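I opened my notebook to look up how parts of this structure meet and where space is left. My entries follow.

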Amino acid sequence: MDSPTIRQLRSEWRALGSSGAARTACTRLAAHEPVIAHLDVQDLVELVSALSCSSGGLSRNEAAAVIAAMLKSATVDPLIPRAIIQALIPGVLGLARRIDGTAGPWNDLDAFYGDAV
């Protein structure tokens, strides 16, 4: 159920998430948050991938603790909020499957995704 908004976010993330700036952001975040340092990830793409249910690496509670740490230290680097959004996209897509995304104030799924993100 990709939409233009989701496709744009994914495309941007492919370029941004493993950049030098993303490696620096991940290092800064790990320095502030032991739960992130414990993951031993090299960049934000690896961090977000570790949160994926399909990765099998973290339990739901462990992934929630990582997201909480990312939220707590979001100001450490300007790329951290973008990584948080990327990590939450699967949940946003799941939410759209559970409700009628075209009901209420949304006239299409892309409008729903934009508001949800």
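**Pockets and a helix crossing**

I began with the second largest pocket: helix 1, helix 4 and helix 6 each supply at least two residues of its lining. I note that the model is a predicted one.

Which residues line the second largest pocket? I found R10, W13, V45, V48, S49, Q86, I89 and P90. By class, five are nonpolar, two are polar and one is charged. I read a volume of about 180 Å³ for the second largest pocket.

Next I turned to the largest pocket. About 390 Å³ of space lies in it. Its lining has 15 residues, and the closest to its centre are L51, S52, C53, A87 and P90. Helix 4 (44-51), helix 5 (60-72) and helix 6 each give two or more residues to this lining. Helix 6 has the largest share, with five residues. I sorted the lining of the largest pocket by class: ten nonpolar, four polar and one charged.

Then I looked up how helix 1 and helix 6 meet. Helix 1 covers residues 4-16 and helix 6 covers residues 80-98. Their axes come within 11 Å and cross at roughly 140°. That angle makes helix 1 oblique to helix 6. Is the crossing left-handed or right-handed? I noted it as left-handed.

Last, I listed the contact itself. From helix 1 come I6, L9, R10, E12, W13 and L16. They meet R82, A83, Q86, I89 and L93 in helix 6. I counted seven nonpolar, one polar and three charged residues in this contact of helix 1 with helix 6.

Conventions. Residues are numbered from 1 along each chain as its sequence is written. This is a predicted model: local features need pLDDT of at least 70, side-chain atom pairs count only at pLDDT 80 or more; totals for chains, interfaces and linings use all residues. Side-chain values use heavy atoms; hydrogens and water are left out. Axes are lines fitted to C-alpha atoms, for helices over the stretch in contact, and angles run from 0 to 180 degrees between N-to-C directions. Helices (H or I, at least four residues) and strands (E, at least two) are DSSP runs, numbered from the N terminus. Angles under 35 degrees count as roughly parallel, over 145 as roughly antiparallel, 65 to 115 as roughly perpendicular and the rest as oblique. A crossing is left-handed if the near helix is turned anticlockwise from the far one by less than a right angle, and right-handed if clockwise. Contact means heavy atoms within 4.5 Å. Ala, Val, Leu, Ile, Met, Phe, Trp, Tyr, Cys and Pro count as nonpolar, Asp, Glu, Lys and Arg as charged, and the others, Gly among them, as polar. On a 1 Å grid over the protein atoms alone, a cavity is a set of points where a 1.4 Å probe fits but cannot get out, and a pocket is an open set with protein on both sides within 12 Å along at least five of seven lines; lining residues have an atom within 4 Å of a point. Grid points are joined across faces, edges and corners, and a volume is the space filled by probe spheres set on the points.
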